[in-house]
Amino acid sequence: MHIKDHPVLGPQLQDPVTIYFNDQPYMAYKQQTVAAALIANGVKKFGLSRKLVQSRGLFCSRGRCCSCYMTVNGEDHVRTCMIRVEEGMEIYPNLEDPEVRGDGHGD
Amino acid sequence: MDKTTIICRCEEINCEEIEEAIGHDARTFDDIKRLTRCGMGPCQAKICISLVADVIHEQTGSHLHEIPLPRMRMPISPIKLETLATNSTTFSSVKSVMDEVELEEGKVR
Amino acid sequence: MVMETDVLIIGAGPAGLAAAYETASRGLDVTIVDESISKGGQLCQQTQILRTLPSPFLAMRGYELANTLINQLDEFSVRYLLGHRMIGTYKDGSIGITDETNVFPVNPKKIIVATGAAEKAVPFPKWTLPGVITVGAAQTLVNRDFVTPGKNAVIIGSSDFAMDVAIQLSDVGVNIIGIVESLPKILARDAEKTEHIMQRSIPLYLRSSIKEARGNGEVEEIDIQFPDRIMTEKVDLVCVDGGRTPILDAFYQLGCSFGFQEELGGWLPQYNEFLQTDCKDVFLAGNAAGISSQGALLITGRIPGVRVCEELNIISKQEAEHERASHWKELENLEAKLFPEKWEARLNHIKNYANPLLKDQFIS
(Lines give C-alpha, C1' and ligand atoms only; values in the text may rest on other atoms or scores of the structure.)
Protein backbone atom coordinates (compact mmCIF):
# COMPACT_ATOMS: atom_id res chain seq x y z
CA MET A 1 0.00 0.00 0.00
CA HIS A 2 1.06 3.57 -0.67
CA ILE A 3 1.36 5.65 2.52
CA LYS A 4 -0.75 8.71 1.69
CA ASP A 5 -0.18 10.49 5.00
CA HIS A 6 3.05 9.57 6.77
CA PRO A 7 2.80 9.84 10.58
CA VAL A 8 5.98 11.94 10.84
CA LEU A 9 6.58 13.30 7.33
CA GLY A 10 2.97 14.02 6.34
CA PRO A 11 1.56 13.66 2.80
CA GLN A 12 4.52 13.18 0.48
CA LEU A 13 3.21 11.27 -2.52
CA GLN A 14 2.26 13.79 -5.16
CA ASP A 15 3.25 12.91 -8.71
CA PRO A 16 1.50 9.71 -9.79
CA VAL A 17 2.80 7.69 -12.74
CA THR A 18 1.62 4.50 -14.39
CA ILE A 19 4.04 1.61 -14.64
CA TYR A 20 3.50 -1.77 -16.27
CA PHE A 21 4.44 -5.09 -14.68
CA ASN A 22 3.84 -8.09 -16.96
CA ASP A 23 1.86 -5.67 -19.16
CA GLN A 24 -0.58 -4.83 -16.33
CA PRO A 25 -0.81 -1.16 -15.30
CA TYR A 26 -0.04 -0.17 -11.71
CA MET A 27 -0.05 3.19 -9.98
CA ALA A 28 3.19 4.48 -8.52
CA TYR A 29 4.65 7.82 -7.44
CA LYS A 30 7.68 9.53 -8.90
CA GLN A 31 9.98 9.39 -5.89
CA GLN A 32 9.50 5.62 -5.42
CA THR A 33 11.92 3.00 -6.58
CA VAL A 34 10.65 0.34 -8.97
CA ALA A 35 10.92 -2.32 -6.25
CA ALA A 36 9.02 -0.21 -3.71
CA ALA A 37 6.29 0.74 -6.19
CA LEU A 38 5.65 -2.90 -7.02
CA ILE A 39 5.51 -3.85 -3.32
CA ALA A 40 2.98 -1.03 -2.80
CA ASN A 41 0.84 -2.79 -5.40
CA GLY A 42 1.17 -6.19 -3.71
CA VAL A 43 3.83 -7.55 -6.09
CA LYS A 44 6.60 -9.14 -4.04
CA LYS A 45 7.86 -11.89 -6.28
CA PHE A 46 10.33 -10.28 -8.66
CA GLY A 47 11.94 -13.33 -10.21
CA LEU A 48 13.21 -16.87 -9.94
CA SER A 49 16.58 -18.12 -8.80
CA ARG A 50 18.83 -19.63 -11.45
CA LYS A 51 19.50 -23.09 -10.04
CA LEU A 52 16.65 -24.13 -7.74
CA VAL A 53 14.01 -21.98 -9.50
CA GLN A 54 12.81 -20.44 -6.24
CA SER A 55 11.07 -17.09 -5.86
CA ARG A 56 13.13 -14.01 -5.16
CA GLY A 57 12.21 -10.44 -4.25
CA LEU A 58 13.55 -7.36 -2.52
CA PHE A 59 15.90 -8.18 0.34
CA CYS A 60 18.46 -5.47 1.21
CA SER A 61 17.09 -2.41 -0.64
CA ARG A 62 20.68 -1.09 -0.78
CA GLY A 63 21.74 -2.32 -4.21
CA ARG A 64 23.92 -5.01 -2.67
CA CYS A 65 22.13 -8.36 -2.74
CA CYS A 66 20.88 -8.31 -6.35
CA SER A 67 17.76 -10.28 -5.33
CA CYS A 68 15.56 -7.59 -6.86
CA TYR A 69 16.92 -8.01 -10.39
CA MET A 70 14.22 -7.43 -13.02
CA THR A 71 13.97 -6.49 -16.68
CA VAL A 72 13.18 -2.78 -17.00
CA ASN A 73 12.45 -1.14 -20.35
CA GLY A 74 14.14 -4.03 -22.13
CA GLU A 75 17.27 -4.04 -19.98
CA ASP A 76 17.93 -7.26 -18.06
CA HIS A 77 19.29 -7.57 -14.52
CA VAL A 78 18.41 -4.09 -13.31
CA ARG A 79 18.70 -3.62 -9.53
CA THR A 80 15.15 -2.34 -9.09
CA CYS A 81 15.76 -1.08 -5.54
CA MET A 82 18.17 1.50 -6.95
CA ILE A 83 16.19 3.13 -9.77
CA ARG A 84 13.09 5.25 -9.59
CA VAL A 85 9.89 4.73 -11.55
CA GLU A 86 9.18 6.67 -14.71
CA GLU A 87 5.90 7.14 -16.57
CA GLY A 88 5.14 4.15 -18.78
CA MET A 89 8.00 2.01 -17.49
CA GLU A 90 7.73 -1.61 -18.61
CA ILE A 91 8.86 -4.15 -16.05
CA TYR A 92 9.13 -7.92 -16.34
CA PRO A 93 10.27 -10.44 -13.74
CA ASN A 94 13.74 -11.97 -13.87
CA LEU A 95 12.76 -15.52 -14.75
CA GLU A 96 15.93 -16.79 -16.41
CA ASP A 97 19.36 -15.72 -17.53
CA PRO A 98 19.30 -13.16 -20.33
CA GLU A 99 19.98 -14.41 -23.84
CA VAL A 100 23.43 -13.03 -24.59
CA ARG A 101 24.67 -15.35 -27.31
CA GLY A 102 21.75 -15.24 -29.74
CA ASP A 103 21.26 -13.15 -32.88
CA GLY A 104 21.75 -9.47 -32.32
CA HIS A 105 24.01 -9.96 -29.34
CA GLY A 106 27.23 -10.88 -31.17
CA ASP A 107 28.86 -14.11 -30.12
CA MET B 1 21.86 -24.62 11.62
CA ASP B 2 19.47 -26.59 9.41
CA LYS B 3 21.49 -28.23 6.62
CA THR B 4 19.14 -27.08 3.89
CA THR B 5 19.42 -23.38 4.80
CA ILE B 6 20.70 -21.36 1.86
CA ILE B 7 23.90 -19.48 2.74
CA CYS B 8 24.72 -17.96 -0.65
CA ARG B 9 21.51 -16.55 -2.15
CA CYS B 10 22.97 -16.00 -5.62
CA GLU B 11 24.60 -19.36 -6.28
CA GLU B 12 22.17 -21.14 -3.95
CA ILE B 13 24.75 -22.93 -1.86
CA ASN B 14 23.32 -24.40 1.33
CA CYS B 15 24.81 -24.99 4.74
CA GLU B 16 25.49 -28.66 4.03
CA GLU B 17 27.57 -27.82 0.96
CA ILE B 18 29.64 -25.31 2.95
CA GLU B 19 30.16 -27.90 5.69
CA GLU B 20 31.20 -30.48 3.11
CA ALA B 21 33.82 -28.06 1.75
CA ILE B 22 35.07 -27.51 5.30
CA GLY B 23 35.25 -31.32 5.57
CA HIS B 24 37.65 -31.15 2.63
CA ASP B 25 39.87 -28.79 4.65
CA ALA B 26 38.49 -25.50 3.36
CA ARG B 27 39.32 -22.92 6.04
CA THR B 28 38.76 -19.56 4.37
CA PHE B 29 35.97 -17.98 2.35
CA ASP B 30 38.08 -18.25 -0.79
CA ASP B 31 38.71 -21.97 -0.19
CA ILE B 32 34.96 -22.51 0.01
CA LYS B 33 34.38 -20.33 -3.01
CA ARG B 34 36.77 -22.40 -5.12
CA LEU B 35 35.08 -25.65 -4.10
CA THR B 36 31.42 -24.61 -4.25
CA ARG B 37 30.99 -21.32 -6.23
CA CYS B 38 29.70 -19.76 -3.00
CA GLY B 39 30.00 -15.98 -3.36
CA MET B 40 30.49 -16.03 -7.14
CA GLY B 41 27.05 -14.77 -8.14
CA PRO B 42 25.97 -11.22 -8.95
CA CYS B 43 26.29 -9.89 -5.38
CA GLN B 44 29.91 -11.09 -5.18
CA ALA B 45 29.69 -12.36 -1.58
CA LYS B 46 28.24 -9.13 -0.18
CA ILE B 47 25.50 -11.01 1.67
CA CYS B 48 27.07 -14.41 2.41
CA ILE B 49 30.50 -13.22 3.61
CA SER B 50 29.52 -13.04 7.28
CA LEU B 51 27.26 -16.12 7.11
CA VAL B 52 30.09 -18.25 5.72
CA ALA B 53 32.46 -16.97 8.40
CA ASP B 54 29.89 -18.02 11.02
CA VAL B 55 29.68 -21.55 9.55
CA ILE B 56 33.49 -21.87 9.46
CA HIS B 57 33.60 -20.65 13.05
CA GLU B 58 30.95 -23.15 14.15
CA GLN B 59 32.52 -26.08 12.32
CA THR B 60 36.21 -25.54 13.02
CA GLY B 61 36.26 -23.48 16.20
CA SER B 62 38.40 -20.86 14.46
CA HIS B 63 37.90 -17.39 15.85
CA LEU B 64 36.29 -14.94 13.46
CA HIS B 65 39.52 -12.89 13.36
CA GLU B 66 41.34 -15.99 12.11
CA ILE B 67 39.04 -16.29 9.11
CA PRO B 68 40.39 -13.85 6.52
CA LEU B 69 38.29 -11.70 4.22
CA PRO B 70 37.60 -12.97 0.71
CA ARG B 71 39.09 -11.15 -2.24
CA MET B 72 36.99 -8.21 -3.29
CA ARG B 73 37.49 -7.65 -6.95
CA MET B 74 36.75 -4.92 -9.38
CA PRO B 75 34.02 -4.03 -10.24
CA ILE B 76 32.80 -3.43 -6.69
CA SER B 77 29.17 -3.74 -7.82
CA PRO B 78 27.58 -4.96 -11.08
CA ILE B 79 28.25 -2.83 -14.14
CA LYS B 80 27.26 -3.24 -17.78
CA LEU B 81 30.06 -4.60 -19.94
CA GLU B 82 29.13 -1.93 -22.47
CA THR B 83 29.93 0.73 -19.87
CA LEU B 84 33.09 -0.93 -18.65
CA ALA B 85 34.57 -2.04 -21.94
CA THR B 86 33.37 0.50 -24.46
CA ASN B 87 32.95 3.71 -22.55
CA SER B 88 35.97 3.69 -20.27
CA THR B 89 38.48 6.46 -20.83
CA THR B 90 42.22 6.80 -20.27
CA PHE B 91 42.87 4.06 -17.79
CA SER B 92 45.96 2.16 -16.81
CA SER B 93 45.90 -1.51 -15.90
CA VAL B 94 43.25 -3.01 -13.71
CA LYS B 95 44.74 -3.34 -10.26
CA SER B 96 42.56 -6.06 -8.83
CA VAL B 97 43.86 -8.77 -11.13
CA MET B 98 47.38 -7.50 -11.70
CA ASP B 99 49.02 -10.49 -10.10
CA GLU B 100 47.09 -12.81 -12.39
CA VAL B 101 47.00 -11.19 -15.79
CA GLU B 102 48.59 -8.04 -17.08
CA LEU B 103 46.41 -6.06 -19.44
CA GLU B 104 48.60 -4.06 -21.77
CA GLU B 105 47.51 -2.44 -24.97
CA GLY B 106 44.54 -4.75 -25.06
CA LYS B 107 46.64 -7.90 -24.82
CA VAL B 108 46.42 -10.47 -22.06
CA ARG B 109 49.84 -11.75 -21.14
CA MET C 1 39.29 12.99 -19.38
CA VAL C 2 40.84 12.67 -15.93
CA MET C 3 39.09 14.50 -13.12
CA GLU C 4 41.44 16.15 -10.62
CA THR C 5 40.27 17.09 -7.14
CA ASP C 6 41.82 17.84 -3.75
CA VAL C 7 39.58 15.50 -1.81
CA LEU C 8 37.45 12.65 -3.12
CA ILE C 9 34.83 11.46 -0.65
CA ILE C 10 33.14 8.12 -1.32
CA GLY C 11 29.68 8.25 0.22
CA ALA C 12 27.37 11.21 0.86
CA GLY C 13 26.03 9.91 4.18
CA PRO C 14 26.47 11.73 7.50
CA ALA C 15 30.17 10.91 7.87
CA GLY C 16 30.97 11.82 4.26
CA LEU C 17 29.09 15.11 4.59
CA ALA C 18 30.84 15.89 7.89
CA ALA C 19 34.22 15.21 6.27
CA ALA C 20 33.18 17.40 3.32
CA TYR C 21 32.34 20.28 5.67
CA GLU C 22 35.74 20.11 7.39
CA THR C 23 37.60 20.19 4.08
CA ALA C 24 35.39 22.34 1.83
CA SER C 25 34.82 25.03 4.49
CA ARG C 26 38.59 25.55 4.61
CA GLY C 27 38.75 26.08 0.89
CA LEU C 28 39.65 22.66 -0.52
CA ASP C 29 38.12 21.44 -3.75
CA VAL C 30 35.91 18.53 -2.69
CA THR C 31 34.20 15.88 -4.81
CA ILE C 32 31.59 13.56 -3.29
CA VAL C 33 30.47 10.38 -5.02
CA ASP C 34 27.29 8.58 -4.04
CA GLU C 35 25.43 5.77 -5.73
CA SER C 36 22.08 7.21 -4.71
CA ILE C 37 20.59 10.22 -6.47
CA SER C 38 20.06 11.99 -3.16
CA LYS C 39 22.43 13.12 -0.42
CA GLY C 40 22.31 12.09 3.23
CA GLY C 41 22.70 8.32 2.93
CA GLN C 42 20.70 6.18 5.31
CA LEU C 43 20.10 9.19 7.55
CA CYS C 44 17.33 10.38 5.20
CA GLN C 45 14.91 7.70 6.34
CA GLN C 46 15.71 7.90 10.06
CA THR C 47 12.54 9.50 11.44
CA GLN C 48 13.43 8.76 15.06
CA ILE C 49 14.92 11.53 17.20
CA LEU C 50 18.70 11.40 17.60
CA ARG C 51 19.51 12.64 21.09
CA THR C 52 23.27 12.41 21.44
CA LEU C 53 24.75 14.55 18.69
CA PRO C 54 28.02 16.50 18.83
CA SER C 55 27.95 20.30 19.06
CA PRO C 56 26.66 22.43 17.46
CA PHE C 57 23.76 20.08 16.77
CA LEU C 58 20.79 19.78 19.10
CA ALA C 59 18.63 16.69 19.30
CA MET C 60 16.70 16.27 16.05
CA ARG C 61 15.22 13.64 13.79
CA GLY C 62 17.59 11.80 11.46
CA TYR C 63 16.27 13.32 8.22
CA GLU C 64 16.47 16.80 9.79
CA LEU C 65 20.12 16.18 10.61
CA ALA C 66 20.67 15.03 7.02
CA ASN C 67 19.18 18.31 5.74
CA THR C 68 21.30 20.32 8.17
CA LEU C 69 24.49 18.58 7.03
CA ILE C 70 23.55 19.11 3.38
CA ASN C 71 22.59 22.77 3.81
CA GLN C 72 25.77 23.72 5.65
CA LEU C 73 27.73 22.76 2.53
CA ASP C 74 25.72 25.05 0.24
CA GLU C 75 28.13 27.97 0.30
CA PHE C 76 31.27 25.94 -0.40
CA SER C 77 32.89 24.45 -3.46
CA VAL C 78 31.62 20.88 -3.42
CA ARG C 79 31.18 18.81 -6.57
CA TYR C 80 28.48 16.21 -6.11
CA LEU C 81 28.62 13.14 -8.31
CA LEU C 82 25.26 11.64 -7.39
CA GLY C 83 24.08 8.53 -9.19
CA HIS C 84 27.78 7.70 -9.52
CA ARG C 85 29.73 4.91 -7.87
CA MET C 86 33.28 3.76 -7.43
CA ILE C 87 33.95 0.54 -9.31
CA GLY C 88 37.57 0.04 -8.27
CA THR C 89 41.10 1.40 -8.42
CA TYR C 90 43.62 1.31 -11.22
CA LYS C 91 47.31 0.56 -11.12
CA ASP C 92 48.27 4.22 -11.47
CA GLY C 93 46.25 5.00 -8.34
CA SER C 94 43.29 6.62 -10.05
CA ILE C 95 39.80 5.78 -8.88
CA GLY C 96 37.33 4.41 -11.44
CA ILE C 97 33.97 6.14 -11.19
CA THR C 98 30.93 5.28 -13.26
CA ASP C 99 27.70 7.13 -13.98
CA GLU C 100 26.37 3.85 -15.49
CA THR C 101 27.02 5.10 -19.03
CA ASN C 102 30.73 5.86 -18.84
CA VAL C 103 33.65 5.03 -16.60
CA PHE C 104 36.16 7.79 -15.92
CA PRO C 105 39.21 8.14 -13.66
CA VAL C 106 39.42 10.54 -10.74
CA ASN C 107 42.84 11.54 -9.39
CA PRO C 108 42.39 12.96 -5.91
CA LYS C 109 45.15 14.24 -3.68
CA LYS C 110 43.38 12.60 -0.74
CA ILE C 111 40.50 10.16 -0.55
CA ILE C 112 38.09 9.76 2.38
CA VAL C 113 36.10 6.54 2.22
CA ALA C 114 32.76 6.80 4.03
CA THR C 115 30.95 3.80 2.60
CA GLY C 116 29.05 3.05 5.79
CA ALA C 117 27.69 -0.21 7.08
CA ALA C 118 26.00 -3.25 5.60
CA GLU C 119 23.28 -5.18 7.38
CA LYS C 120 24.05 -8.79 8.17
CA ALA C 121 21.50 -11.40 7.21
CA VAL C 122 19.91 -13.97 9.53
CA PRO C 123 19.65 -17.30 7.74
CA PHE C 124 16.90 -19.86 8.37
CA PRO C 125 15.18 -22.33 6.05
CA LYS C 126 13.45 -20.37 3.22
CA TRP C 127 14.78 -16.96 4.28
CA THR C 128 15.17 -16.33 0.56
CA LEU C 129 11.38 -16.06 0.08
CA PRO C 130 10.05 -12.68 -1.06
CA GLY C 131 8.70 -10.85 1.99
CA VAL C 132 11.79 -11.64 4.05
CA ILE C 133 13.77 -8.38 4.06
CA THR C 134 16.26 -6.59 6.27
CA VAL C 135 15.00 -4.14 8.91
CA GLY C 136 16.83 -1.41 7.01
CA ALA C 137 14.96 -2.29 3.84
CA ALA C 138 11.66 -2.11 5.74
CA GLN C 139 12.56 1.34 7.05
CA THR C 140 13.51 2.54 3.57
CA LEU C 141 10.19 1.37 2.17
CA VAL C 142 8.19 3.13 4.89
CA ASN C 143 10.09 6.40 5.30
CA ARG C 144 11.65 7.02 1.89
CA ASP C 145 9.35 5.30 -0.58
CA PHE C 146 6.15 5.68 1.46
CA VAL C 147 5.13 2.07 1.03
CA THR C 148 3.85 -0.37 3.66
CA PRO C 149 5.82 -3.56 3.07
CA GLY C 150 3.19 -5.89 4.56
CA LYS C 151 0.22 -6.30 6.88
CA ASN C 152 1.45 -8.80 9.48
CA ALA C 153 5.11 -8.71 10.36
CA VAL C 154 7.59 -10.39 12.62
CA ILE C 155 10.88 -8.71 13.51
CA ILE C 156 13.97 -10.87 14.07
CA GLY C 157 16.37 -9.11 16.45
CA SER C 158 15.94 -6.62 19.27
CA SER C 159 18.66 -3.98 18.70
CA ASP C 160 17.82 -0.30 19.08
CA PHE C 161 17.53 -0.11 15.31
CA ALA C 162 15.17 -3.10 15.15
CA MET C 163 13.02 -1.46 17.84
CA ASP C 164 12.94 1.84 15.94
CA VAL C 165 11.83 0.09 12.79
CA ALA C 166 9.22 -1.99 14.66
CA ILE C 167 7.72 1.25 16.05
CA GLN C 168 7.82 2.95 12.65
CA LEU C 169 6.15 -0.04 10.97
CA SER C 170 3.51 -0.11 13.66
CA ASP C 171 2.90 3.65 13.18
CA VAL C 172 1.97 3.10 9.53
CA GLY C 173 -0.46 0.34 10.42
CA VAL C 174 1.62 -2.80 10.10
CA ASN C 175 0.57 -5.35 12.70
CA ILE C 176 3.72 -6.50 14.51
CA ILE C 177 3.09 -10.08 15.56
CA GLY C 178 6.24 -10.21 17.63
CA ILE C 179 9.90 -9.39 18.09
CA VAL C 180 12.00 -12.53 18.13
CA GLU C 181 15.32 -12.48 20.00
CA SER C 182 17.57 -15.52 20.36
CA LEU C 183 19.31 -14.17 23.48
CA PRO C 184 17.73 -14.20 26.95
CA LYS C 185 17.60 -10.37 26.97
CA ILE C 186 16.61 -7.41 24.81
CA LEU C 187 19.60 -5.94 22.96
CA ALA C 188 18.28 -2.37 22.74
CA ARG C 189 20.06 -0.04 25.16
CA ASP C 190 17.41 2.63 25.05
CA ALA C 191 14.85 1.48 27.61
CA GLU C 192 12.39 4.04 26.25
CA LYS C 193 12.18 2.12 22.98
CA THR C 194 11.37 -1.13 24.75
CA GLU C 195 8.72 0.76 26.70
CA HIS C 196 7.16 2.03 23.46
CA ILE C 197 7.04 -1.54 22.22
CA MET C 198 5.36 -2.69 25.44
CA GLN C 199 2.80 0.15 25.28
CA ARG C 200 1.78 -1.05 21.84
CA SER C 201 1.34 -4.58 23.25
CA ILE C 202 3.87 -5.95 20.79
CA PRO C 203 5.05 -9.31 22.19
CA LEU C 204 8.79 -9.71 22.81
CA TYR C 205 9.90 -13.31 22.44
CA LEU C 206 13.25 -14.05 24.10
CA ARG C 207 15.27 -17.26 23.70
CA SER C 208 13.47 -17.81 20.41
CA SER C 209 14.38 -18.07 16.76
CA ILE C 210 12.84 -18.77 13.39
CA LYS C 211 12.74 -22.49 12.69
CA GLU C 212 11.40 -22.15 9.20
CA ALA C 213 9.51 -19.87 6.83
CA ARG C 214 6.99 -21.24 4.35
CA GLY C 215 5.01 -19.88 1.46
CA ASN C 216 4.08 -20.30 -2.15
CA GLY C 217 6.06 -17.64 -4.03
CA GLU C 218 6.26 -15.38 -0.98
CA VAL C 219 6.40 -15.75 2.78
CA GLU C 220 3.02 -16.79 4.27
CA GLU C 221 3.86 -18.54 7.51
CA ILE C 222 6.71 -18.90 9.98
CA ASP C 223 7.52 -21.26 12.81
CA ILE C 224 8.95 -19.55 15.88
CA GLN C 225 11.04 -21.97 17.91
CA PHE C 226 10.93 -21.59 21.69
CA PRO C 227 12.93 -23.73 24.14
CA ASP C 228 9.86 -25.86 24.82
CA ARG C 229 7.53 -25.40 21.86
CA ILE C 230 6.97 -24.17 18.34
CA MET C 231 4.51 -21.42 17.48
CA THR C 232 3.22 -20.99 13.93
CA GLU C 233 2.19 -17.52 12.76
CA LYS C 234 0.65 -16.20 9.53
CA VAL C 235 2.87 -13.36 8.27
CA ASP C 236 3.52 -11.59 4.98
CA LEU C 237 6.60 -9.72 6.19
CA VAL C 238 9.68 -10.86 8.08
CA CYS C 239 12.29 -8.20 8.94
CA VAL C 240 15.70 -9.52 9.90
CA ASP C 241 18.32 -7.65 11.91
CA GLY C 242 21.63 -9.49 12.07
CA GLY C 243 23.60 -6.44 13.16
CA ARG C 244 25.83 -4.33 10.95
CA THR C 245 29.33 -4.58 9.62
CA PRO C 246 31.62 -2.03 7.87
CA ILE C 247 31.54 -2.05 4.05
CA LEU C 248 35.07 -2.85 2.97
CA ASP C 249 35.15 -3.30 -0.82
CA ALA C 250 36.61 0.13 -1.55
CA PHE C 251 39.38 -0.29 1.06
CA TYR C 252 40.27 -3.69 -0.34
CA GLN C 253 40.54 -2.20 -3.81
CA LEU C 254 42.69 0.63 -2.47
CA GLY C 255 45.11 -1.87 -0.91
CA CYS C 256 44.45 -1.05 2.76
CA SER C 257 45.27 -3.44 5.61
CA PHE C 258 42.59 -4.76 7.95
CA GLY C 259 42.17 -5.55 11.62
CA PHE C 260 39.38 -7.15 13.59
CA GLN C 261 37.29 -5.65 16.38
CA GLU C 262 34.15 -7.57 17.22
CA GLU C 263 32.57 -4.59 19.01
CA LEU C 264 33.06 -2.36 15.95
CA GLY C 265 31.43 -4.83 13.55
CA GLY C 266 34.23 -7.31 12.81
CA TRP C 267 36.80 -6.70 10.07
CA LEU C 268 37.62 -3.06 9.47
CA PRO C 269 40.44 -1.10 7.84
CA GLN C 270 43.45 -0.53 10.05
CA TYR C 271 43.69 3.14 10.97
CA ASN C 272 45.56 5.56 13.25
CA GLU C 273 44.44 8.53 15.35
CA PHE C 274 44.03 10.60 12.18
CA LEU C 275 41.58 7.99 10.81
CA GLN C 276 44.18 7.41 8.16
CA THR C 277 44.72 3.91 6.74
CA ASP C 278 48.16 2.47 6.03
CA CYS C 279 47.75 3.77 2.47
CA LYS C 280 48.84 7.30 3.34
CA ASP C 281 46.41 9.19 1.13
CA VAL C 282 43.41 7.05 2.08
CA PHE C 283 41.31 8.07 5.08
CA LEU C 284 38.06 6.73 6.43
CA ALA C 285 35.00 8.07 8.19
CA GLY C 286 31.78 6.89 9.80
CA ASN C 287 30.56 3.33 10.14
CA ALA C 288 33.35 2.18 7.81
CA ALA C 289 35.68 2.98 10.74
CA GLY C 290 33.56 0.92 13.14
CA ILE C 291 29.83 0.67 13.74
CA SER C 292 28.82 3.35 16.23
CA SER C 293 26.13 5.87 17.16
CA GLN C 294 25.00 8.66 14.81
CA GLY C 295 26.72 11.25 16.98
CA ALA C 296 30.04 9.42 16.95
CA LEU C 297 29.83 8.97 13.18
CA LEU C 298 29.82 12.71 12.59
CA ILE C 299 33.00 13.16 14.61
CA THR C 300 34.73 10.33 12.76
CA GLY C 301 34.04 12.41 9.64
CA ARG C 302 35.61 15.53 11.16
CA ILE C 303 38.85 13.88 12.33
CA PRO C 304 40.12 12.76 8.89
CA GLY C 305 38.88 16.06 7.44
CA VAL C 306 41.18 17.98 9.77
CA ARG C 307 44.16 15.76 8.93
CA VAL C 308 43.59 16.14 5.20
CA CYS C 309 43.62 19.94 5.60
CA GLU C 310 46.83 19.69 7.62
CA GLU C 311 48.58 17.46 5.08
CA LEU C 312 47.51 19.74 2.24
CA ASN C 313 48.89 22.74 4.18
CA ILE C 314 45.55 24.49 4.56
CA ILE C 315 45.85 24.68 8.33
CA SER C 316 48.88 24.73 10.61
CA LYS C 317 50.09 21.78 12.62
CA GLN C 318 49.12 23.60 15.82
CA GLU C 319 45.62 24.38 14.65
CA ALA C 320 45.17 20.79 13.49
CA GLU C 321 46.37 19.42 16.79
CA HIS C 322 44.03 21.70 18.69
CA GLU C 323 41.06 20.69 16.50
CA ARG C 324 41.95 17.05 16.72
CA ALA C 325 42.21 17.07 20.50
CA SER C 326 38.77 18.63 20.80
CA HIS C 327 37.22 16.14 18.33
CA TRP C 328 38.71 13.17 20.17
CA LYS C 329 37.51 14.58 23.47
CA GLU C 330 33.99 14.89 22.09
CA LEU C 331 34.14 11.42 20.56
CA GLU C 332 35.12 10.06 23.94
CA ASN C 333 32.23 11.92 25.57
CA LEU C 334 29.73 10.50 23.11
CA GLU C 335 31.09 6.99 22.65
CA ALA C 336 32.70 6.04 25.95
CA LYS C 337 29.54 6.79 27.91
CA LEU C 338 27.00 5.19 25.58
CA PHE C 339 29.08 2.31 24.19
CA PRO C 340 32.14 1.86 26.44
CA GLU C 341 33.07 -1.40 24.71
CA LYS C 342 33.12 0.33 21.31
CA TRP C 343 35.36 3.10 22.62
CA GLU C 344 37.69 0.50 24.12
CA ALA C 345 37.77 -1.41 20.83
CA ARG C 346 38.48 1.77 18.88
CA LEU C 347 41.48 2.59 21.10
CA ASN C 348 42.74 -0.98 20.77
CA HIS C 349 42.32 -0.85 17.03
CA ILE C 350 44.41 2.30 16.81
CA LYS C 351 47.09 0.70 19.01
CA ASN C 352 47.31 -2.16 16.51
CA TYR C 353 47.98 0.24 13.61
CA ALA C 354 51.46 -1.09 12.93
CA ASN C 355 50.40 -4.72 13.20
CA PRO C 356 47.37 -5.40 11.01
CA LEU C 357 45.99 -8.93 10.84
CA LEU C 358 45.49 -8.79 7.09
CA LYS C 359 47.81 -6.97 4.74
CA ASP C 360 49.11 -7.17 1.19
CA GLN C 361 45.84 -8.71 0.07
CA PHE C 362 46.74 -8.34 -3.59
CA ILE C 363 49.89 -10.43 -3.28
CA SER C 364 48.24 -13.68 -2.31
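**Domain and chain interfaces in a predicted model**

Student: How many salt bridges does the rule find across the interface of domain 1 of chain C and domain 2 of chain C?

Tutor: A salt bridge here is a side-chain nitrogen of Lys or Arg within 4 Å of a carboxyl oxygen of Asp or Glu. One to look at is the pair C:Glu192 and C:Arg51, whose side chains meet at 3.9 Å, N to O. Across the interface of domain 1 of chain C and domain 2 of chain C, the rule's count of salt bridges is 2.

Student: What are the ground rules for reading this model?

Tutor: This is a predicted model, in which local features need pLDDT of at least 70 and side-chain atom pairs count only at pLDDT 80 or more, while totals for chains, interfaces and linings use all residues. Residues are numbered from 1 along each chain as its sequence is written, chains are lettered from A and ligands numbered from 1 in the order in which they are written, and side-chain values use heavy atoms, with hydrogens and water left out.

Student: Which residue ranges make up domain 1 of chain C?

Tutor: The bounds come from an automatic or database domain assignment. Domain 2 of chain C covers 122–241, and the centres of the two domains, taken over C-alpha atoms, are 31 Å apart. Domain 1 of chain C is made of 3–118 + 244–353.

Student: Which residues of domain 1 of chain C lose the most area to domain 2 of chain C?

Tutor: Start with contact, meaning heavy atoms within 4.5 Å: 8 residues of domain 1 of chain C touch 9 residues of domain 2 of chain C. The two domains bury about 750 Å² between them, 36% of it on carbon and sulfur atoms, where buried area is the accessible area (1.4 Å probe) that two parts lose on being put together, summed over both. Together, three residues account for 56% of what the domain 1 side buries: C:Gln45, C:Thr47 and C:Gln48.

Student: And how many residue pairs are in polar contact between domain 1 of chain C and domain 2 of chain C?

Tutor: A polar contact is a pair of N or O atoms within 3.5 Å; within protein, one must be able to donate a hydrogen and the other to accept it, and residues adjacent in sequence count only if both atoms are side-chain atoms. With both residues at pLDDT 80 or more, the number of such pairs between domain 1 of chain C and domain 2 of chain C is 10.

Student: What area do chain C and chain B bury between them?

Tutor: On the contact count, 42 residues of chain C meet 42 residues of chain B. Carbon and sulfur atoms carry 61% of the buried area. For chain C and chain B, the area buried between them is about 3,700 Å².

Student: Which elements of chain C give two or more residues to the side that touches chain B?

Tutor: Between chain C and chain B there are 7 residue pairs in polar contact, both residues at pLDDT 80 or more, and 1 salt bridge. In a salt bridge, the side chains of B:Lys46 and C:Asp249 come to 3.8 Å, N to O. Helices (H or I, at least four residues) and strands (E, at least two) are DSSP runs numbered from the N terminus, and the elements of chain C asked for are strand E6 (85–89), strand E7 (95–98), strand E8 (103–113), helix H6 (249–254) and strand E19 (258–261).

Student: How many salt bridges are there between chain B and chain A?

Tutor: Here 14 residues of chain B are in contact with 16 residues of chain A, and about 1,300 Å² is buried, 48% of it on carbon and sulfur atoms. The side chains of B:Lys80 and A:Glu75 meet in a salt bridge at 3.5 Å, N to O. Between chain B and chain A, the salt bridge count is 3.

Student: What pattern does chain A follow along the sequence?

Tutor: Chain A has 1 helix and 7 strands. Its C-alpha atoms fill a box of roughly 50 × 25 × 20 Å along the principal axes. Read along the sequence, the pattern of chain A is β-β-α-β-β-β-β-β.

Student: With which residue does C:Arg26 form a salt bridge?

Tutor: Over all chains, the structure holds 35 salt bridges. In the C:Arg26 pair, the closest N and O atoms are 3.3 Å apart. C:Arg26 sits in the loop between helix H1 (14–24) and strand E2 (30–34) of chain C, and its partner lies 297 residues away in helix H8 (residues 317–338) of chain C. That partner is C:Glu323.
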